[in-house]
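User: Could you take me through this structure with me asking as we go? I'd like each term explained when it comes up.
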Amino acid sequence: MTLDIGDSAPPFTLPTDGGKTLSLTDLNGKTVVLYFYPKDMTSGCTTQAEGFRDAIADFEAAGAVVVGVSKDSAKRHDTFKAKHDLPFTLIADEEGALCEPFGVWKEKSMYGRKYMGIERSTFLLDGTGKIVRVWRKVKVTGHVAEVLAAVQELSGQ
């Protein structure tokens, strides 16, 4: 089963950058931009993360928190955050506890070689943890602005 609009996000407690953990319950009452990306330190993922970084004040003004998720380790997230001055939490989903239920762990193909990886996807959660918007197979260009517009619409801005 893949989660979609109207579904509730599954409960989780996972490691994050900075040696911390994050639980769904920590996000209660907050609008959450939960974005899944393939890998730290790659060009598309860096561009996407920097886009969220550059718009973070606008997301916060609309009452939203941004959380990135990949299968990279928390230590690798620390390096990625420091290198690109990222002001939001990165979840280390090494075992796929979030990737699997959100349906973002997919077979991919590059140069004819098939492999499993994260399909770049974003989910907008309301303050109760319900999914209110979904973007799958995300193209980096213009995506942050589109998500911000949805957050502002949800907050009535």
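Analyst: Contact, to begin with, means heavy atoms within 4.5 Å. This is a predicted model, in which local features need pLDDT of at least 70, side-chain atom pairs count only at pLDDT 80 or more, and totals for chains, interfaces and linings use all residues. Residues are numbered from 1 along each chain as its sequence is written, and side-chain values use heavy atoms, with hydrogens and water left out.

User: OK, what is Thr 31 in contact with?
Analyst: Once its neighbours within four places in sequence are set aside, Thr 31 is in contact with Gly 63, Ala 64, Val 65, Leu 124, Leu 125, Asp 126 and Leu 154. Thr 31 belongs to strand β3 (residues 31-36), where helices (H or I, at least four residues) and strands (E, at least two) are DSSP runs numbered from the N terminus.

User: Is Thr 31 buried or exposed?
Analyst: Thr 31 counts as buried because its relative accessibility is 14%; buried means under 20% relative accessible area, exposed over 50%, and partly exposed in between, with a 1.4 Å probe and protein chains only.

User: And Lys 81, where does that lie?
Analyst: Lys 81 lies in helix α3, which covers residues 74-84, and, at 18% relative accessibility, Lys 81 counts as buried too.

User: What does the side chain of Lys 81 reach?
Analyst: It reaches the backbone oxygen of Phe 88 at 2.9 Å. A polar contact is a pair of N or O atoms within 3.5 Å; within protein, one must be able to donate a hydrogen and the other to accept it, and residues adjacent in sequence count only if both atoms are side-chain atoms. Leaving out neighbours within four places in sequence, Lys 81 is in contact with Asp 17, Leu 86, Phe 88, Thr 89 and Leu 90.

User: Switching topic, how do β6 and β7 run?
Analyst: Strands β6 (residues 105-110) and β7 (residues 113-118) run antiparallel and are joined by six bridges, and two strands pair if DSSP finds at least two bridges between them. Glu 107 stands opposite Met 116 in β7.

User: What do β6 and β7 form, and how many residues are between them?
Analyst: They form a hairpin with two residues between them, and Tyr 111 in the turn has a positive phi of about 55°.

User: Last one, where is Thr 46, and why is it buried?
Analyst: Thr 46 lies in helix α1 (residues 43-54), and Thr 46 is buried because its relative accessible area is 11%. Apart from neighbours within four places in sequence, Thr 46 is in contact with Met 41, Phe 80 and His 84.
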